[in-house]
Amino acid sequence: EAEFGRDLGFPRALGLSTLANLPKEDDGTAAGIYVRAKGTSRNNAHHAQEVMNGTENDLLPAYRAYWFYTLSQGQLATGTANSDSHGLTDNTVGVPRNVVYADTARGTAFNVDRMNAGIRAGEVMGTNGPVIEAELSDPDGTWRRFGFTPIRPGTASALKLKVSAAPWVPVEEIRVVVNGQVVKTLSGTALSRPADPFGWDGTVRYEGTLPLSELSLPTGKDAWVVVEAGAKLPVVGDVGGGFTSDSLPHGAKDGIPDTADNNGDGAVTDADVADGSKVGPMRPPAPPASEEHPQFHFSQVVTGGYPFAFTNPFVLDVDGNGRFDAPGVETK
């Protein structure tokens, strides 16, 4: 309502569907506009795009799904986490934020070019609390950080993880995502939980190594891998009924979550859509009211949000041809 019906966001304005691959060039469709080139510039030539925007994380499921889609299309744009605080009441200033590996030594002058190079290279972790340190080993045994430089994995390659958080920041899950699908979840007794949310101990919640052979990589095909940590993600779904364009008829599903499990039955159906609406809402979980809830203290600082952190992708050159061949979307 506050947007007066405006379509904020280029993909939404075009009515793009993530259920089909992008064309290689402008073919006259809405998706063609997205990749349209003029001279040496393209409409989708941006270096970064928001994945986590705002304190409440109500936009996260949709932005995350679209980022995953573009990665699988071979569009390696750095995922960022931004507070988007334009006023004193809309978001908590500085939450979430980005951790950029910019190779800047303490005590030296800040180097803007080096900072920008780190962002363009995908050497960024977005977070509102948890901290993910992740490296992947190549066939020589060298540990490589996430980013857009392709890594050729070997038979013994592994993913090394360390997840830390302040004692008052709960970490319920660590998820490994391959080509947009969660293939490995660490939870329960695999993760430590501080006894005292205001203590000094228990910041490291997990430290270990996962063999790549356990991560369901597609056989002989390139892939990308993202690591997430924080709360369990809310139950969301795509009920359709959103936009109309030449490539997306009115009422069609587009693969982007548009509605949450608003009636709490564990599934997303038309019954979750608000009266008088076609989709939605996508409200985040309600802040806990009891101090016994593990997210209670976190929610006092990050108003209305839930803990979430993500790395940018490891780009795997599985077939060894020296480049990343994007997996795309499997269409029927």
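On a 1 Å grid over the protein atoms alone, a pocket is an open set of points with protein on both sides within 12 Å along at least five of seven lines, whereas a cavity is a set of points where a 1.4 Å probe fits but cannot get out; lining residues have an atom within 4 Å of a point. Grid points are joined across faces, edges and corners, and a volume is the space filled by probe spheres set on the points. The model is predicted: local features need pLDDT of at least 70 and side-chain atom pairs count only at pLDDT 80 or more, while totals for chains, interfaces and linings use all residues. Residues are numbered from 1 along each chain as its sequence is written, and side-chain values use heavy atoms, with hydrogens and water left out.

The second largest pocket holds about 870 Å³ of space. It is lined by 29 residues, of which Phe68, Ser72, Asn179, Gly180 and Gln181 are the closest to its centre. Two or more lining residues come from each of helix 3 (60-72) and strand 12 (181-187), helices (H or I, at least four residues) and strands (E, at least two) being DSSP runs numbered from the N terminus. Helix 3 supplies the largest share, seven residues. The lining comprises 17 nonpolar, seven polar and five charged residues, where Ala, Val, Leu, Ile, Met, Phe, Trp, Tyr, Cys and Pro count as nonpolar, Asp, Glu, Lys and Arg as charged, and the others, Gly among them, as polar.

In the whole structure, one cavity of 30 Å³ or more is found. The largest cavity contains about 40 Å³ of space, and its lining includes Asn57, Asp58, Arg283 and Tyr306. Seven nonpolar, one polar and two charged residues make up this lining.

An open sheet is formed by four strands in the order 8-7-10-13, with antiparallel pairing; two strands pair if DSSP finds at least two bridges between them. Strand 8 (143-145) and strand 13 (204-211) are the edge strands, each pairing on one side only. Within the sheet, strand 7 (residues 131-137) and strand 10 (residues 158-164) are joined in the antiparallel sense over six bridges, and Leu136 stands opposite Leu159 of strand 10.

Leu159 also belongs to the largest nonpolar core, which has 31 residues; Ile132, Leu159, Leu161, Ile174 and Phe314 touch the most other members. Such a core is a set of buried (under 20% relative accessible area, 1.4 Å probe, protein chains only) Ala, Val, Leu, Ile, Met, Phe, Trp, Tyr and Cys residues joined through side-chain atoms within 4.5 Å. Strand 14 contributes the most to this core, with four residues.

Notes
Buried means under 20% relative accessible area, exposed over 50%, partly exposed in between (1.4 Å probe, protein chains only).
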